[in-house]
Amino acid sequence: MDRLSGKVAFITGAARGQGRAHALRLASEGADLVLSDICGPVNASGIRAAEPEDLQETVREVAALGMGTRVLDRIVDVRDLDGLQSLADDAVAELGRLDVVIANAGILNWGEFVDITSQMWQDVIDVNLTGVFNTCKATVPHLIRQGEGGSVILISSVAGLKGQPLTTPYTAAKHGVVGIARGLANELAQYSIRVNTVHPAGVTTPMTDVPEFMELIGAHPLLGPTYMPSLPHTLMPPEDVSATIAYLASDDSRMVTGSALRVDMGTLNR
């Protein structure tokens, strides 16, 4: 399948997890890639930081597909607007264009609200909300100047559509991502630029490989059911989210904008 042939996709948080899966899926459908990740320490509860080797592994796995994918990769923190703008400018100079933007980078700080510190709050807001703003700020002007439309895909969460407990900073930020998308969907429609959010439930990534968080959920029997899907799965592989990303990146979704697409195993049905 080559429905993304000729398109260039800009993906943040691409070193591992969902970002790597999205990169591989889009490359397999013909897209060239612009990949970034902080590849360094970030204040997230019990989650191992990505490293430069992780980003290079993504690049290697893309090359192993044998699609001849052009890749521009760089270590950039989404909190660094200047760094993202420089990457976007270089991407257009080297690859010729931008067509798809995937604001994927995110962190999770968790705990009972009384234990959440102001720094935990600020770290999540800076990465998960301001980082999405920065990603759009760096890339959308290129889409507008090209005059050929485009697709902006913001990775939210089921926590962006419901009151997920024990993750107040994350829940607030992911709700904010929906606000960014809805506003931009209206503003950018005149340029045929589509903006949508994707809302996964639990995905098998380093962010969910934290037994202490699972223990915290289990310690609150009245709150635990808010995490339960209706399908018979606890977690899903990131590739299941990537299938939706590929759809939104392609012209198959050319009439879809301002939508919140759930890939949640039925979690929000409850």
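This is a predicted model: local features need pLDDT of at least 70, side-chain atom pairs count only at pLDDT 80 or more; totals for chains, interfaces and linings use all residues.
How are helix 1 and helix 7 oriented to each other? Residues are numbered from 1 along each chain as its sequence is written, and side-chain values use heavy atoms, with hydrogens and water left out.

**View 1. The crossing of helix 1 and helix 7.** The axes of helix 1 (residues 17–28) and helix 7 (residues 238–249) come within 8 Å and cross at roughly 50°; axes here are lines fitted to C-alpha atoms, for helices over the stretch in contact, with angles running from 0 to 180 degrees between N-to-C directions, and helices are DSSP runs (H or I, at least four residues) numbered from the N terminus. The two helices are therefore oblique to each other, a term for whatever is left when angles under 35 degrees count as roughly parallel, over 145 as roughly antiparallel and 65 to 115 as roughly perpendicular. Helix 1 passes helix 7 in a right-handed crossing (the near helix is turned clockwise from the far one by less than a right angle).

**View 2. The contact of helix 3 with helix 4.** Helix 3 (residues 81–95) and helix 4 (residues 118–146) have axes that come within 8 Å and cross at roughly 30°, and they are therefore roughly parallel to each other. This crossing of helix 3 past helix 4 is right-handed. On the helix 3 side, Leu-81, Leu-84, Gln-85, Ala-88, Asp-89 and Val-92 meet residues of helix 4 including Asn-134, Ala-138 and His-142.

**View 3. The course of helix 4.** Helix 4 bends by about 35° at Gly-131, the bend being the angle between axes fitted to the seven residues ending there and the seven starting there. At 1.5 Å a residue, its 29 residues should span 42 Å, which agrees with the 41 Å between its end C-alpha atoms; the expected span is 1.5 Å times one less than the number of residues. Just after helix 4, Gly-147 takes a positive phi of about 70°.

**View 4. The surroundings of Glu-94.** Glu-94 lies in helix 3 and, leaving aside neighbours within four places in sequence, is in contact with Arg-70 and Leu-72. Its C-alpha atom is separated by 26 Å from that of Ala-50, 44 residues apart along the chain.

Methods
Contact means heavy atoms within 4.5 Å.
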